[in-house]
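Morning, everyone. Please have a look at the chain on the screen, and then we'll walk through it.

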Amino acid sequence: MSDRTRAHVFVSGKVQGVFYRANTRETAGEAGVDGWVKNLADGRVEAVFEGPAPAVESMVEWCHEGSPRARVDGVEVEYEEPAGIEGFEIRR
């Protein structure tokens with residue numbers, strides 16, 4: 001797994017109720033990135049992306065735009081050790 005990286009992302013703005021999670025899952029699948037995404041009680045979206053560094057970086061960049069109906073005000077990223085996640089899911 002040494003060729004994998006992990007980004008833990010928090011996205012703020014109008015990112016709930018605009019298909020942000022569904023679009024994140026679809027985009028991650030197309031990029032070959034594993035992980036998960038969920039809504040937070042404070043209105044933000046939290047996501048974890050694991051995979052090859054270029055693919056993970058493309059997901060982090062994507063988060064700045066998000067779904068077509070979203071309005072992203074900010075993206076916070078923390079890089080962590082990969083945990084070996086497989087697949088991509090929407091968490092509740």
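Start with His8. Is His8 buried or exposed? His8 is buried, with a relative accessible area of 12%. Buried means under 20% relative accessible area, exposed means over 50%, and partly exposed is in between, with a 1.4 Å probe and protein chains only. A word on where this comes from: this is a predicted model, where local features need pLDDT of at least 70, side-chain atom pairs count only at pLDDT 80 or more, and totals for chains, interfaces and linings use all residues. Residues are numbered from 1 along each chain as its sequence is written, and side-chain values use heavy atoms, with hydrogens and water left out.

Back to His8. This residue sits in strand β1. Helices (H or I, at least four residues) and strands (E, at least two) are DSSP runs, numbered from the N terminus. What does His8 touch? Leaving out residues up to four places away in sequence, its contacts include Trp36, Ala47, Val77 and Glu80. Contact means heavy atoms within 4.5 Å. Now take Phe19, 11 residues from His8 along the chain. Their C-alpha atoms are separated by 20 Å.

Next, the whole chain. There are two helices and five strands. From the N terminus, the order is β-α-β-β-α-β-β. The radius of gyration is 12 Å, close to the 12 Å from the globule rule for 92 residues, so the chain is as compact as a globular protein of that length. That radius is taken over C-alpha atoms, and the rule is 2.2 Å times the number of residues to the power 0.38. Buried residues make up 42% of the 92. Of the contacts with a separation of 6 or more, 79% join residues 24 or more positions apart.

Now helix α2, residues 53-63. Which of its residues are buried? They are Ala55, Val56, Met59, Val60, Trp62 and Cys63. What covers the buried residues of α2? The cover includes β1, α1, β3 and β4.

Last stop: Thr24, in helix α1. Thr24 is buried, at 1% relative accessible area. Beyond its neighbours within four places in sequence, Thr24 is in contact with Val37, Phe49, Met59, Trp62 and Phe88. Met59 and Trp62 are among the buried residues of α2. That's it from me.
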